[in-house]
Amino acid sequence: MQLRSVQRLELPPTADMHVHLRQGELMELMVPTVRQGGVDTAFVMPNLVPPLTTVEQVLEYQSKLSGIAKNVTFLMSLFLHPSVTPEVIAQAAAAGITGVKMYPQGVTTNSESGVSNLEFFYDTFAAMEKHGLVLNLHGEVVESLAPAGTTLEEAFLPTLKTLHERFPQLRIVLEHCTTAAAVEAVRACGPTVGATITAHHLYLTSDEAHCDPFAFCKPIPKKPTDRDTLVKTAVSGDPKFFFGSDSAPHPLQSKTSAAQGKAPAGVYTQPFVTQLVLLALEEAIERGVITDADVTQEKLEGFLSRYGRRFYKLPEHSASEIVLERKGEKIPASISSKNGSIEVGISKAGTDVFSLTWAE
């Protein structure tokens with residue numbers, strides 16, 4: 001596909017298998033942007049304040065989200081916590097909850113109640129394996145546990161291997177891969193292990209993340225070679241890897257007023273997630289990392305939509321489709337609530353992107 005010269009694309013709706021929609025007024029601003037970005041199915045993270053550790057909390061949150069965006073399917077998750085027992089897993093499965101998110105304690109936004117000892121949860125994982133829930137891993141260790149010269153993600157990868165070996169039928173997703181080592185580790189596991197790749201990790205590197213508050217996120221983007229491996233993986237046709245934006249909004253003032261390196265972690269991409277993946281691929285072609293021939297209709301549909309749905313055992317086909325056309329649209333600097341009380345900066349502001357519409 002001559003992606004850089006294509007004027008119009010028709011794709012199935014994007015399945016975004018890692019979204020942060022927050023709560024309160026920020027939630028009300030964020031939720032409508034899910035469909036704006038071409039997404040009809042979203043796997044929602046549970047790291048609210050307080051975290052979603054009960055079935056009742058998750059269902060209440062899902063009801064709020066669905067009340068705002070009735071034409072989006074919200075897949076829900078529990079926050080892994082000592083209170084999430086095998087009995088709770090059985091209840092969650094019966095209630096239609098999709099997964100359980102594991103956050104190492106203190107590694108990212110609202111993870112203070114996260115996990116410090118995974119072995120404590122082995123009975124819970126066994127119950128998840130039995131009932132068909134997915135284990136979603138924030139695959140990093142705390143800095144004090146990472147050997148010198150090793151990224152926090154790379155230091156976590158032996159844990160992924162151990163969990164897969166101990167629970168071979170448990171579906172596990174290594175969320176937001178950032179390193180070539182993570183890609184290799186996922187490929188080395190069986191078919192029950194998959195991984196999400198974000199849009200922003202397809203175009204950002206550590207240099208940008210450390211100097212631009214709107215590019216600062218966790219996991220931190222890594223070396224250009226890691227970024228390029230992710231790009232190649234996204235167009236490889238390997239169904240173990242699928243899209244999850246990890247779009248993580250924070251009020252603009254909190255991003256711009258923080259000291260360098262102290263901004264809240266998160267890159268906000270939700271209103272343009274589909275277009276930003278395409279933009280990253282265009283940039284990679286220009287760098288010579290991939291070729292036009294590497295980008296095909298089938299591979300785009302697979303990475304953005306079909307592979308994630310297949311892993312989560314969802315229908316792969318939709319009655320709708322999204323249409324992307326080049327009309328000179330640029331990403332705005334921010335999105336604001338109607339009364340102006342909340343403003344969130346958008347990644348890649350000012351960049352030309354496809355315009356997106358829905359064809360029902």
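A nonpolar core is taken here as a set of buried Ala, Val, Leu, Ile, Met, Phe, Trp, Tyr and Cys residues joined through side-chain atoms within 4.5 Å, where buried means under 20% relative accessible area, exposed over 50%, and partly exposed in between (1.4 Å probe, protein chains only). The model is predicted, so local features need pLDDT of at least 70 and side-chain atom pairs count only at pLDDT 80 or more, whereas totals for chains, interfaces and linings use all residues. Residues are numbered from 1 along each chain as its sequence is written, and side-chain values use heavy atoms, with hydrogens and water left out.

The largest nonpolar core has 104 residues, and L21, F74, F125 and L160 touch the most other members. Helix α11 gives the most to this core, with nine residues; helices (H or I, at least four residues) and strands (E, at least two) are DSSP runs, numbered from the N terminus. Another core, of 13 residues, lies apart from it and includes A15, M17, F43 and L75. Contact means heavy atoms within 4.5 Å, and by that criterion F74 is in contact with L21, V31, A42, V44, Q62, L65, S66 and A69, once its neighbours within four places in sequence are left aside.

The next element to consider is a sheet. Strands β2, β3 and β4 form an open sheet of three strands in the order β2-β3-β4, with parallel pairing; two strands count as paired if DSSP finds at least two bridges between them. The edges are held by β2 (14-19) and β4 (73-75), each with a single partner strand, so one side of each is left without a neighbour in the sheet. From one strand to the next, the twist averages 20°. Between β2 and β3 (residues 39-44) there are four bridges in the parallel sense, and V44 in β3 is the bridge partner of V19. Helix α12 (residues 297-311) packs on the sheet, touching β2 and β3, and its direction makes about 65° with that of β2. For such angles, axes are lines fitted to C-alpha atoms, for helices over the stretch in contact, and angles run from 0 to 180 degrees between N-to-C directions.

An α-helix has 3.6 residues a turn, so residues three or four places apart point the same way. In helix α4 (residues 86-94), the buried residues are V88, I89 and A92. Seen down the axis of α4, these residues fall within an arc of 105°, so they line one face of the helix; the arc is that of the directions from the helix axis to the C-beta atoms. E87 and A94 are exposed on the other side of α4. The buried residues of α4 pack against α3 (55-68), β5 (77-79), β6 (99-102) and α5 (122-131). After α4 comes G96, with a positive phi near 85°.

Helix α7 (residues 180-188) can be described in a similar way. Its buried residues are A182, V183, A185 and V186. They cover an arc of only 165° around the axis, which puts them on the same side of α7. E184 and A188 are exposed on the other side. Packing partners of the buried residues of α7 are α6 (152-166), β8 (172-174), β9 (193-197), α9 (224-234) and β10 (241-243).

Charged side chains come next. The structure holds 14 salt bridges, each being a side-chain nitrogen of Lys or Arg within 4 Å of a carboxyl oxygen of Asp or Glu. D228 meets R227 in one of them, at 3.0 Å from N to O, and meets R287 in another, at 2.8 Å. R287 lies in helix α11 (residues 273-287) and D228 in helix α9, so this pair ties together parts that are 59 residues apart in sequence. R287 is partly exposed, with a relative accessible area of 35%, while D228 is buried at 16%. R306 forms a salt bridge with E301, with the closest N and O atoms 3.0 Å apart. R306 counts as buried at 17% relative accessibility, and E301 counts as buried at 16%. A network of salt bridges links R8, E10, E325 and K327.

Finally, a histidine in a loop deserves a look. H200 is found in the loop between β9 and α8 (206-211), and H200 is buried, with a relative accessible area of 0%. Not counting residues up to four places away in sequence, H200 touches C217, S245, D246, V267 and T269.
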